[in-house]
Amino acid sequence: MEERELIGRVLAGDPSAERALYDAHVDRVFRLAYRMAGDIDRAQDYTQETFIRAFSRLGDFRGEAALSTWLGSIAISVTLNGLRKVRRQNEREISLDDAAPAVRGAREAEPDLKERLNQAIDNLPAGYRAVFVMHDVEGYTHEEIASSLGVHPGTSKAQLFRARARLRAALADFVRD
Amino acid sequence: MDDRFDDLLREAAREYNEPPDIPRDAMWERIVAARQEAERAEKTETTEREHTRVIPFRSFRAFRSVRPLGWAAGVAAVLALGIGLGRLSVPATPPSEPAHPMAVKPAPRVNTAYELATTEYLSQSETFLTLFRASLRQNAGNERLAAATARQLLATNRLLLDSPAADNSKTKLLLQDLELVLAQIAQLSPQSPSRDLDLITEGLERAAVMTRLRTAVPSGPSTTQGAL
């Protein structure tokens, strides 16, 4: 079924079309939410909220971009807002005593590249991490990222460049080896 | 060397937070349930509204004295609101047990503050969108300033969406629709095709954003109007 036809049927209130639209896009939305959140419960919450918002605003979708790009912009907005909320909550809850073991450098054994890379990505500023995950991990184009984040493609490229530079600096000893 | 590192990085990064099996059916059931719940709530709200007094729309004449040069003052007012909200979202003191079990808890002043901040924000947004539409009609060429102001409003919008102000489903929905419009304006530049402007106007009208904003903002002067 054509995307336009599917949207028309959803807007007309056809439940099977709603499910078909969900099935066509849920994997991509969930993957992005999970990559960003790293937590199954939060990824499910963000995916659900993305589709709830999408269904309520589908009438506003003009079709200038692909539906997947439009959904991506809702998904990244929901996810970044959700993660900001979690971060603020954590900052309030962690007391000084609890914070000590959470310091990343205090591990006994030197982690391998994969673990170091994961930590370095986790530590990127939210905007850099979003662009890095979308481009280098999930394979979005700069145009899709720009459209999703409401920035110019050039900004997306610059953010990716800076994200990689930070990762390169964080993994400097591996680079030298 | 850098290219080699980037390739290595991309390869290793594919395993970053690798998603598990996707619980499609479980999520779908929750989506359906949440939408049915929202529909029920909306019906109840509509019925209740029909039995209560309707807040009158603010007169359009209130904006007659607004001049394009006043936009800079508007931006300053928006910035001040954003900073105020940022302060509200940082707890003044860490949560602790009351000193005495009989100690009286203070009244929830923060929620009232959020409500006031939301009303002020919606009032500023209404003023901004009114000016924006007026400048479109006059071909005033204020795209850069409009985009900058929209970005400031967008930042405040996101703070409010993360705050207790969004606990009210109606406010939340309005903030979300407003977010979409502001995001479009934030991307404007003097080179933007006129089609983009038409789409923004259309979006405003279709979602009845202005009407809903005016309904949400109680009539009477606001501090933004004073600033402008």
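What share of the contacts in chain A with a separation of 6 or more is accounted for by residues 24 or more positions apart? In the predicted model considered here, such residues account for 64% of those contacts. The chain in which they occur has 10 helices and zero strands, so that the order of its elements, read from the N terminus, is α-α-α-α-α-α-α-α-α-α. Chain A comprises 177 residues, of which 36% count as buried.

The packing of helices in chain A can be followed in the pair formed by helix H1 (residues 3-11) and H2(A), whose axes lie 7 Å apart and meet at an angle of about 135 degrees. Because angles over 145 degrees count as roughly antiparallel and those from 65 to 115 as roughly perpendicular, this angle makes H1(A) oblique to H2(A). The crossing of the two helices is left-handed. On the side of H1(A), the contact is made by A:Leu6, A:Arg9 and A:Val10, while H2(A) contributes A:Ala17, A:Glu18, A:Ala20 and A:Leu21. Sorted by class, the contact of H1(A) with H2(A) has five nonpolar and two charged residues, with no polar ones.

Attention may next be given to the interface between the chains. In the model, 35 residues of chain B are in contact with 36 residues of chain A. On the side of chain B that touches chain A, at least two residues each are supplied by helix H1 (2-13), helix H2 (24-50), helix H5 (143-161), helix H6 (169-186) and helix H7 (194-206) of chain B. Of these elements, H2(B) gives the most, with seven residues. The classes represented on this side of chain B are 20 nonpolar, five polar and 10 charged residues.

The confidence of the prediction was examined for each chain and along each sequence. For the model as a whole, the scores are ipTM 0.84 and pTM 0.55. Chain A has a mean pLDDT of 85, with 86% of its residues reaching 70 or more. Among the elements of chain A, the highest mean pLDDT, 96, belongs to helix H2 (residues 15-37), and the lowest, 44, to helix H5 (residues 96-99). Over residues 95-110 of chain A the pLDDT is below 50, and this stretch has three contacts in the model beyond near neighbours in sequence.

For chain B, the mean pLDDT is 71, and 64% of the residues reach 70 or more. Confidence in chain B is highest in H5(B), at a mean of 86, and lowest in helix H9 (residues 223-227), at a mean of 36. Two stretches of chain B can be described in these terms. Over residues 92-105 of chain B the pLDDT stays under 50, and the model has one contact beyond four places in sequence for this stretch. Over residues 220-228 of chain B the pLDDT is likewise below 50, although the model has 21 contacts for that stretch beyond near neighbours in sequence.

Definitions and conventions. Residues are numbered from 1 along each chain as its sequence is written. Chains are lettered from A and ligands numbered from 1 in the order in which they are written. This is a predicted model: local features need pLDDT of at least 70, side-chain atom pairs count only at pLDDT 80 or more; totals for chains, interfaces and linings use all residues. Helices (H or I, at least four residues) and strands (E, at least two) are DSSP runs, numbered from the N terminus. A residue is buried if 20 or more other C-beta atoms lie within 10 Å of its own, exposed if 12 or fewer, and partly exposed in between; C-beta atoms are placed from the backbone. Two residues are in contact if their C-beta atoms, placed from the backbone, lie within 7 Å. Ala, Val, Leu, Ile, Met, Phe, Trp, Tyr, Cys and Pro count as nonpolar, Asp, Glu, Lys and Arg as charged, and the others, Gly among them, as polar. pLDDT is the predictor's confidence in each residue, from 0 to 100. Axes are lines fitted to C-alpha atoms, for helices over the stretch in contact, and angles run from 0 to 180 degrees between N-to-C directions. Angles under 35 degrees count as roughly parallel, over 145 as roughly antiparallel, 65 to 115 as roughly perpendicular and the rest as oblique. A crossing is left-handed if the near helix is turned anticlockwise from the far one by less than a right angle, and right-handed if clockwise.
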